[in-house]
Amino acid sequence: MKTSIRIDPYSFPLIIVAAFVMGLILAFMLGFRPQHGSSHGRERPALETAPALVQTVQEGSFYDL
Amino acid sequence: MLIRKGFLWSAVFVTFLIGIRHLFPGEAASGGSFDAFCPFGAIETMWRYITTGHTLKTTNLLNFAVFSGVLAVTLVAGRAFCGWMCPLGAVQEGLAKLARRLGGEKRHVRGKPSKARFPASLPTWLDRPMRYLKYLVLLLVILASVAAVYPPLHAFCPARAVFSFHLTTVLMWGVLILFVASSMLVERFSCKYLCPLGAALSIFNKISPVRLTANSAACNHCGRCDMDCSMGIQNVPDNLNQAECIRCLECLETCARADALEIKLG
């Protein structure tokens, strides 16, 4: 049987804000941060470096990363 | 709902600050462009980023962060971003209110038809097919983004026209005038028929865990909710979670029957 929990309409804005902030923080943690100026020498987002990291771990060449 | 208005106008204020900061000299004027704060910019630059690792001009990784926030809201509560956080939605609601005032309505009474002629609703035969226009816009933008240098909507984005204070082209002025006029003639015209971000988010209305439910035993089908729905959804209690619903909760607010409409998790 499907159960559902009733939500107070006044809690709805809090749910929205919490979801937005969590999404934003998650993105920041993955490396999607605001950028300023030239992109040269900047940290690359974790999602972008993840495949390279996995590959180097598999090859055992950590120091090439 | 007063809280919702507060949310919407806070979003307007924040977007206004983002737009105005480029007018000031010094550090405040540096940083990402106006486009870099747009959640839809992430969709526009997605293909380029996946295939080349670079973003389109005027966008950057911040677009993905903002989009991630919007996506989180949508995964939890459907198109609530459109109803609660979109600055363009707020401006459209404000313009609709202004149109009502100019049309002779001093104060809108909940659940009662407006005395003003505008904002009007399009006839059903025109409204129905035009609702699909936003999906077409989304598809065209995604296709155009494959070969784009700038975001495809960069030249005629209504958010840039309203908030960027950078109306350097005739096209931008045209977009601004059309946006203002259409919002005063038809409530949330852009949301209903044109917004590609709304089209992308609407897909999640069916699957989001936080959803509106109608209690058919308590509902007497008085039609108050239909009258107060800014998205023009007809027969609201039977169409609560359809793609057009922006979860503004105006139907819940206007409903005179206890427990006829509820918001639930699961």
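Q: How is chain B divided into domains?
A: In this predicted model, chain B is split into domain 1, covering 2-106 + 114-203, and domain 2, covering 210-265.

Q: And what separates their centres?
A: Taken over C-alpha atoms, the centres of domain 1 of chain B and domain 2 of chain B are 25 Å apart.

Q: How many residues are in contact there?
A: On the domain 1 side of chain B there are 17 residues, and these are in contact with eleven residues of domain 2 of chain B. H3, H4 and helix H10 (189-194) of chain B each supply at least two residues of that domain 1 side, and H4(B) gives the most, with three residues.

Q: What is that domain 1 side like by class?
A: The side of domain 1 of chain B that touches domain 2 of chain B has eight charged residues, along with five nonpolar and four polar ones.

Q: Switching to the other chain, how many residues does the contact take from chain B and from chain A?
A: The contact takes 25 residues from chain A and 28 residues from chain B. On the chain B side, helix H1 (2-20), helix H3 (61-77), helix H4 (80-84) and strand S2 (261-265) each supply at least two residues, and the largest share, eleven residues, comes from H3(B).

Q: How do the residues on that side of chain B divide by class?
A: The side of chain B that touches chain A has 18 nonpolar, eight polar and two charged residues.

Q: How many bridges join S2(B) to S1(B)?
A: Five bridges join S1(B) and S2(B), which run antiparallel, and B:Ala214 has B:Leu261 in S2(B) as its bridge partner.

Q: Why is S1(B) largely enclosed?
A: Strand S1 of chain B (residues 210-214) is largely enclosed by the rest of the structure because four of its five residues are buried.

Q: Last topic, the helices: at what angle do H2 and H7 of chain B cross?
A: The axes of helix H2 (residues 39-52) and helix H7 (residues 133-145) of chain B cross at roughly 35° and come within 8 Å, and the crossing is right-handed.

Q: Which residues meet there?
A: From H2(B), the residues are B:Ile43, B:Glu44, B:Thr45, B:Trp47 and B:Arg48, and they meet B:Val141, B:Ile142 and B:Ser145 in H7(B). By class, this contact of H2(B) with H7(B) has four nonpolar, two polar and two charged residues.

Notes. Residues numbered from 1 in each chain as written. Chains lettered and ligands numbered in written order. Predicted model: local features only at pLDDT ≥ 70, side-chain atom pairs only at ≥ 80, totals over all residues. Axes fitted to C-alpha atoms, helices over the stretch in contact; angles between N-to-C directions. Left-handed = near helix turned anticlockwise from the far one by under 90°. Contact = placed C-beta atoms within 7 Å. Nonpolar A, V, L, I, M, F, W, Y, C, P; charged D, E, K, R; others polar. Buried ≥ 20, exposed ≤ 12 C-beta atoms within 10 Å, placed from the backbone. Pairing = 2+ DSSP bridges. Domains from an automatic or database assignment.
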